[in-house]
Structure formats: structure tokens, C-alpha cells
Amino acid sequence: MDMRASLLMLATAVGAGLGQPGFLSAQIRIDGQVIDNANLEPIVGVEVRVSTARGHRLGTVFTNDQGVFSFTVTEDGGYVFNASRVGYQRTETPILWTDGFQVYEVEIRLDPKAVLLAPIEVLARSRRYESPILEGFRERLRAGFGHYLTLEDIRRIRPSRVSDLLSNVPGVQLQSSGAGLQRVVTMRRDCRAEIFVDGMLLTPDIGGATAGPGFTVDDAVSSGSVLGIEVYRGLSTVPAEFLTPRARCGVVVIWTRRSGD
């Protein structure tokens, strides 16, 4: 075996990668097996410590009777595995960089006599599953005809209500409704914006721009479920799939975790 080969990657894609970093949160699973470098047999009871490339420890797992372990991380980045067991040389692997795939299969080798130069090998990886519904969001985001909030923006703002996400969007106004606790989204005076959630029109046909309280965006969606938001102020910028007779008042399109299932 060539002990100098540091990382061998074998990829099998089963879905498209993200168009925008940080948009869709998804768990990344790393399945591994620890084997004896001398006889290629699995090693039971190996302690595998997982850390970030910066040295922040994420957790510890132990191999089962097949020498297998599994660990889940929540975002792409660099990860290091420190494997140890009585009778073997402690091994710290090179950094494993995840890059848009959801499942990684790795092999870690321990040697009872010497420190290996290349103790980890990626056997396979598969693409993170992407919802075709969200592909349209990513395409429109790249085109840039509206105003967009990605999951990265939402995490930075940390809103308590969905309307908080819209409060700083240029041209969007939030008007109090009812007892003042509800906030109606408008982009023109006395003209409610159309609200779509996961591609479905939320705002009902109430017969007029100001007739009745109707629904507000905070009534329908919790801030913790939002993956992305599209805002279109002018009729000329509204995509065809969101055109309605009242789209002249502006359109807000919200995508939630349900659309990413």
C-alpha cells in the first residue's frame, strides 16, 4: 500500500449541489470504518474524536463489532478524526473537507507500530438531496430581478417573526392591523402585497385592497421554518408563476422547510 497517498475521493452524485452557499441547511453524515493497517481487519472499540479544522471538538464515537462508526455534522467545512485504542498508535487524520455532498464513507487505518502518513481514505460520497421546488428559487436568485433573503441572511437577522425579515427590505412597508399585533405587508399605499408560501397563494380574494384584516404573513409561517424569501416590488419584475390580478401591489414569496423535504 502507498502510505503517502493522503486522500482518495470517489464520488457518486444523486442530486444537484447548492447554487447558493448557506441556503439550505442539511445534515452531512460521515460513515467510517477503522481497520488494522497490517491485516486489514476491523478494529472494535476504537475511540474516534471528531473536531473541526480549527480544533473545536464536536464529539466522540466508538466503533462497533465491525469497526464501524457514524457521525453527523450540520454544515460543510473541514473535519479531523483522532482515532485511538489500546495497542495501536494514536492517529490524527488529515482534514476531510466536505463540499456539497451529504454522505461520506471513509476508512481510517491504525498501525500498532508507526504513525501513518495517510490514515484516512474517502471511499464514496453522494450528492445532497435537493428539492426541485427550491431550484426555481436558486435560479431567480442568480437572475437577481427581485430582493432575496437566503438562509444565511435569516440566521444573521435572527427574527422573532417573519415580518421582521421584511422590515428592512427596500420599498416594503409593514402596517398594523387589528389590535396592532398583526403586520400587513404593503409596497404601495393601501395596497396589500400578494403572499405566496411554498408556491401557493396565501392571501385570499377579499374583494379590495383594504377590505377586512385577511391573513398576515406572521399568521401563516413561523420564522424558524423559513429557508428563503423573494420580494418583487414592481409588476414588471414579478415572475410569471407569481403573477396575479393584484401582483401590482407587490409579491412576497416565502419558502419553508416543507418545500425542502
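Hi everyone. A disulfide, for today, is a pair of cysteine sulfur atoms within 2.5 Å. By that criterion, the structure holds one disulfide.

Before I go on, a word on the model: it is predicted, so local features need pLDDT of at least 70 and side-chain atom pairs count only at pLDDT 80 or more, while totals for chains, interfaces and linings use all residues. Residues are numbered from 1 along each chain as its sequence is written, and side-chain values use heavy atoms, with hydrogens and water left out.

Back to that disulfide: C191 and C249 form the link, with their sulfur atoms 1.6 Å apart. It is left-handed, at -55° about the S-S bond. C191 sits in strand β14 (residues 191-192), and C249 lies 58 residues away in the loop between β17 (226-232) and β18 (251-256). Strands here are DSSP runs of E, at least two residues, numbered from the N terminus. Both C191 and C249 are buried, meaning under 20% relative accessible area with a 1.4 Å probe, protein chains only.

Now the interior. A nonpolar core is a set of buried Ala, Val, Leu, Ile, Met, Phe, Trp, Tyr and Cys residues joined through side-chain atoms within 4.5 Å. The largest one has 22 residues, and V34, F69 and F81 touch the most other members. A second, separate core has 19 residues, including L149 and V217.

Finally, which strand holds S84? That would be β6, and S84 is buried, at 13% relative accessible area. Beyond its neighbours within four places in sequence, S84 is in contact (heavy atoms within 4.5 Å) with V46, E47 and R90. Thanks, everyone!

Conventions. Buried < 20%, exposed > 50% of the residue type's maximum accessible area, 1.4 Å probe, protein only. Helix = DSSP H or I, 4+ residues; strand = E, 2+ residues; numbered from the N terminus.
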